[in-house]
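Reader: Hi! Could you walk me through this structure in plain words?

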Amino acid sequence: MPKTINVLFLAAEAEPFIKVGGLGDVAGSLPRALRALSNEDIKLDVRLVLPYHPAVKADNLKPLGMFSLVRGAAEIQVEAFETVLHGMPVYFIGGEPIRANGSVYSLDANLDAEKYAFFSFAALELSRQINWEPDVIHGNDWHTALSMYASLTKRWEEGSRHVASVLTLHNLPFMGPNVSEIVESYGLKLAQTDLPDWARVMPLPLGLWASDAIVAVSPTYGKEILTQEYGCGLDEFLRSRGESVSGILNGLDTTSFNPADDTALGVNFDINTLEKRAANKGLLQERLGLPREPETPLLAMVSRMDVQKGVDLVFAALKNMKKSNWQAIILGTGDPKLEEAAMKLQELFPERVKVETRYDAGLARQIYAGSDMFLMPSRYEPCGLSQMISMRYGCVPIVRAAGGLNDTVIHNKTGFVFEKIHHMSLVAAINSAFKVYAEREQWQTIQRAGMAQDLSWESSAKKYLELYQSIIKS
């Protein structure tokens with residue numbers, strides 16, 4: 001009989017049920033990749049738990065039952081539902097704190113605090129209700145961090161069995177609001193911790209403190225969070241937990257992102273039929289009203305309009321390159337000031353720059369498949385998926401050496417990497433790319449090297465399995 005490891009995997013969002021950002025991609029893919037590692041020696045019974053947001057889309061959802069959590073002098077009803085995704089049980093937690101906040105993430109910190117504290121505590125209780133004991137609780141970001149904290153403090157109080165815990169950090173600066181009153185209202189005490197004073201009342205730091213393992217979403221980000229620059233005030237605490245901190249690169253859903261059969265593309269291609277790719281460039285130029293110039297380098301950016309993403313560096317760099325021959329496509333929405341700056345750039349270069357300030361997944365795929373170079377000059381980037389997608393589609397990335405960008409793009413081999421957060425450093429990297437682009441064979445070598453990389457979830461899932469095994473033993 002194979003040894004079974006039960007994993008309770010918690011997230012605020014997951015494809016295909018609901019997705020706001022990159023976490024949705026990860027939580028939709030990693031649990032299934034883990035289950036796929038099961039063999040005759042080991043079985044991974046990974047079960048996904050999500051909040052039942054009003055916007056969730058789930059087929060064949062079955063009521064699992066109701067139970068209650070004690071909060072102060074009252075009881076809050078928890079509604080549990082179940083469905084199956086490719087053989088994996090998926091549970092949804094419903095209740096008034098989740099219904100009270102219609103969106104996945106609210107601008108009201110208090111609403112989010114109530115919602116995700118309720119979700120975290122209810123998810124732990126769910127495993128008892130279905131008589132299924134996890135060996136590992138795997139949480140993601142601050143929204144699920146209180147599960148780790150509650151699991152540890154209850155074990156201390158009740159003397160229950162050790163359940164190993166992993167907290168994956170997708171974005172350290174987002175730590176959640178003050179939850180001290182909420183935590184205590186659910187009957188949990190705030191423990192004496194070695195966290196900074198200000199952090200002892202926030203979900204993410206409490207979860208980090210309670211977890212057996214802390215995983216950043218790339219090896220470089222795992223090192224960056226130990227520094228003052230990227231540690232958000234927790235660097236000293238994280239360094240004290242050094243042996244527990246690691247970085248495991250997120251993977252890519254290579255079945256979904258596959259230029260060989262992507263239905264969004266005008267012409268499909270793969271690494272062996274790279275010559276077919278050129279047709280997508282012409283179709284993209286035509287769709288967006290750019291002159292159909294096959295030899296002109298076509299730059300692209302698909303991004304949230306955010307200073308973190310270095311969008312402003314792209315605008316400044318392109319203004320500095322008036323004398324060069326290029327075209328650029330920018331797709332994204334976000335900060336109104338950056339959207340306005342993007343439109344001004346289009347006004348400055350009406351025959352060269354096309355800006356679409358909206359979310360359009362189909363157009364994004366056409367941009368990856370038709371553009372020559374992908375710009376990602378992030379100020380910080382815990383992992384990043386866009387550079388992986390661009391390489392998969394033969395679009396050569398130009399990135400800053402931050403976080404997961406540094407781990408996935410090799411300078412002059414699979415893309416172009418620059419260090420300094422300055423638009424002239426980006427200009428220099430783009431000019432380096434232009435020189436290679438002029439040498440067709442050398443350019444195609446870089447394209448193929450990027451396309452040939454194994455960016456799938458399998459290798460990342462194996463590293464998580466090794467981590468689970470080490471913390472269960474300890």
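Author: Happy to; we can go through a few strands, helices and single residues.

Reader: Great! Anything to know before we start?

Author: This is a predicted model, in which local features need pLDDT of at least 70 and side-chain atom pairs count only at pLDDT 80 or more, while totals for chains, interfaces and linings use all residues. Residues are numbered from 1 along each chain as its sequence is written, and side-chain values use heavy atoms, with hydrogens and water left out.

Reader: What joins E10 to E11?

Author: Five bridges join strand E10 (residues 298-302) to E11, and the two run parallel. Two strands pair if DSSP finds at least two bridges between them. Leu 299 stands opposite Ala 328, and Met 301 has Ile 330 as its bridge partner.

Reader: Which way do the residues of E10 point?

Author: Leu 298, Ala 300 and Val 302 point one way, and Leu 299 and Met 301 the other way. All of them are buried, so E10 is largely enclosed by the rest of the structure.

Reader: New topic! Where is Asp 372?

Author: Asp 372 is in the loop between helix H12 (361-370) and strand E13 (373-376).

Reader: Is Asp 372 buried or exposed?

Author: Asp 372 counts as buried because its relative accessibility is 7%. Its side chain makes a polar contact with the side chain of Lys 281, at 2.6 Å. A polar contact is a pair of N or O atoms within 3.5 Å; within protein, one must be able to donate a hydrogen and the other to accept it, and residues adjacent in sequence count only if both atoms are side-chain atoms.

Reader: What else does Asp 372 touch?

Author: Not counting residues up to four places away in sequence, Asp 372 has contacts that include Thr 296, Leu 298, Tyr 437 and Trp 443. Contact means heavy atoms within 4.5 Å.

Reader: Tyr 437 has a ring. What lies over its face?

Author: Arg 440 does, at 4.7 Å from the ring centre. Likewise, Arg 352 lies over the face of Trp 326, at 4.6 Å from the ring centre. A charge sits over a ring if NZ of Lys or CZ of Arg is within 6 Å of the ring centre and within 35 degrees of the ring normal.

Reader: Nice. Now helix H4: what span should it have?

Author: At 1.5 Å a residue, the 18 residues of H4 (residues 141-158) should span 26 Å, and its end C-alpha atoms are 26 Å apart, which agrees. The expected span is 1.5 Å times one less than the number of residues. H4 is mostly covered, with 13 of its 18 residues buried.

Reader: And what comes just after H4?

Author: Gly 159, which takes a positive phi of about 70°.

Conventions:
Helices (H or I, at least four residues) and strands (E, at least two) are DSSP runs, numbered from the N terminus. Buried means under 20% relative accessible area, exposed over 50%, partly exposed in between (1.4 Å probe, protein chains only).
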